Amino acid sequence: MSEKRKQVSRRQFLNYTLTGVGGFMGAAMLAPMVRFAIDPALQTSAQGDFKAVAQVDEITTEPQRIDWTIDQVDAWYESEVTKSAWVYKTEDGDILALSPVCKHLGCVVTWQGSEEYQDQFFCPCHDGRYYKDGVNVPNTPPAAALDVFQHKVEDGTLYLGKAVPREEL
Amino acid sequence: MLQKIYDWIDERVDITPLWRDIADHEVPEHVNPAHHFSAFVYCFGGLTFFVTVIQVLSGMFLTMYYVPDIENAWKSVYYLQTEVAHGQIVRGMHHWGASVVIVMLFLHTLRVFFQGAYKKPRELNWMVGVLIFFVMLGLGLTGYLLPWDNKAYFATQVTLEIAEGVPFIGEATKTLLAGDPEIVGAQTLTRFFAIHVFFLPAALFGLMAAHFIMIRKQGISGPL
């Protein structure tokens, strides 16, 4: 404690208490509203279910576009949404299911989508390109390889789950 | 830090007189509950304003989830009540606040009436106050429909029938309010929503500004 007693004037004291009480009331009022507003950011993302999308023997070494639908729950709105993947067998016999969503700005890529680049995925929005294994071609806009769908094979049927970035595989 | 930012702005645009003008005014002794406890009756106007601020804020946040559409209105309200964190609290604030604001307005009006505070030179402010009261009732009425449940629907049905009862212009009024001569439905809901969140609040803000400017200009009425 300092020797000089610090004088708090009546006006200062009132200022402090009023600011404190006012701040407390304001915070009590705003806290639920802010929590309410930021709720979507705090929701845990649902683990994507695996869906049967194709028979394994239909899959070749050439990427084919496979579409399937999932039941999407968007808050109070439920609907069926079509998902797509480019699926093929790699040289060692594994199945690779690539997400068609371009890693540049989210447009949709197509296998052999450009006449000029026959063995590549092509994005028409900004001419982004990927090699067959989904790795982005250097010096085109995308900065990362295409996402890969989690997959499993049961009784000759291919099931696909969520698309995850390469690093997380 | 804050002081520095304040000084920087103040040096350039001289904002101190602006807020000083609002903040510095003496509270007369007869209005101060510390001197006469019965002076608490002077708080009702301020409380009305305080609850109005809560209404505006909670309403703004509710529109983040609410949809004014007959298919989704009820579902979105149900969703925000049951799935969103603190949804019950935020909607509860808006729901109960709507009643509290009317009660506070009424008490404020009673105080002004029985103290004769509406007399010259404050007649104009009384009139603006009455308009604010009507706007508030309008907000309560239009907001009541928005959850689109049975209570909301039939309350609005009754309101529209009452409006229709007005001689000569009744039918036109009803059609204008409901958006359709026959149906209480999609267009009624969007209209009530637009009136509830845009038209009436705009009117309310204008009227409140006039109300507050006048009370500062004329000062609070003297002791009884």
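How many bridges join β5(A) to strand β6 of chain A? Two bridges do so, and the strands run antiparallel. Strand β6 spans residues 121-123. This is a predicted model, and the report below starts with the sheet around that pair.

**The sheet**

Three strands of chain A form an open sheet. Their order is β5-β6-β7, and the pairing is antiparallel. β5 and β7 (128-130) of chain A stand at the edges. Each has a single partner strand, so one side of each is left without a neighbour in the sheet. One bridge can be named: A:T110 has A:F122 in β6(A) as its bridge partner. Strands of a sheet pair through backbone hydrogen bonds, either parallel or antiparallel.

**The whole of chain A**

Chain A has two helices and nine strands. Along the sequence the pattern reads α-α-β-β-β-β-β-β-β-β-β. Its radius of gyration is 27 Å, well over the 15 Å that the globule rule gives for 169 residues, so chain A is more spread out than a compact globule. Along the principal axes, its C-alpha atoms fill a box of roughly 85 × 40 × 30 Å.

**A cysteine in a loop**

Where does A:C107 lie? A:C107 is in the loop between β4 (95-98) and β5 (110-111) of chain A. Leave aside its neighbours within four places in sequence, and A:C107 is in contact with A:P100, A:V101, A:C102, A:C123 and A:C125. A:T61 is 46 residues from A:C107 along the chain, and their C-alpha atoms are separated by 24 Å.

The size of an interface is often given as the accessible area lost when the parts come together. Here are the values for chain A and chain B.

| Item | Value |
|---|---|
| Residues of chain A in contact with chain B | 15 residues |
| Residues of chain B in contact with chain A | 23 residues |
| Area buried between chain A and chain B | about 1,600 Å² |
| Share of that area from carbon and sulfur atoms | 81% |

In chain A, the residues that lose the most area to chain B are A:M33, A:F36 and A:W76. Together they make up 50% of what that side buries.

Which elements give two or more residues to the side of chain A that touches chain B? They are α1 (10-37) and α2 (39-42) of chain A. The largest share, ten residues, comes from α1(A). By type, the residues of this side divide into twelve nonpolar, one polar and two charged.

Between chain A and chain B the count is zero salt bridges. Across this interface, one residue pair is found in polar contact.

Note on methods
Residues numbered from 1 in each chain as written. Chains lettered and ligands numbered in written order. Predicted model: local features only at pLDDT ≥ 70, side-chain atom pairs only at ≥ 80, totals over all residues. Heavy atoms only, no water. Helix = DSSP H or I, 4+ residues; strand = E, 2+ residues; numbered from the N terminus. Contact = heavy atoms within 4.5 Å. Buried area = accessible area lost by both parts, 1.4 Å probe. Salt bridge = Lys/Arg side-chain N within 4 Å of Asp/Glu carboxyl O. Polar contact = N/O pair within 3.5 Å; in protein donor to acceptor, adjacent residues only side chain to side chain. Nonpolar A, V, L, I, M, F, W, Y, C, P; charged D, E, K, R; others polar. Pairing = 2+ DSSP bridges. Rg over C-alpha atoms; globule rule 2.2 N^0.38 Å.
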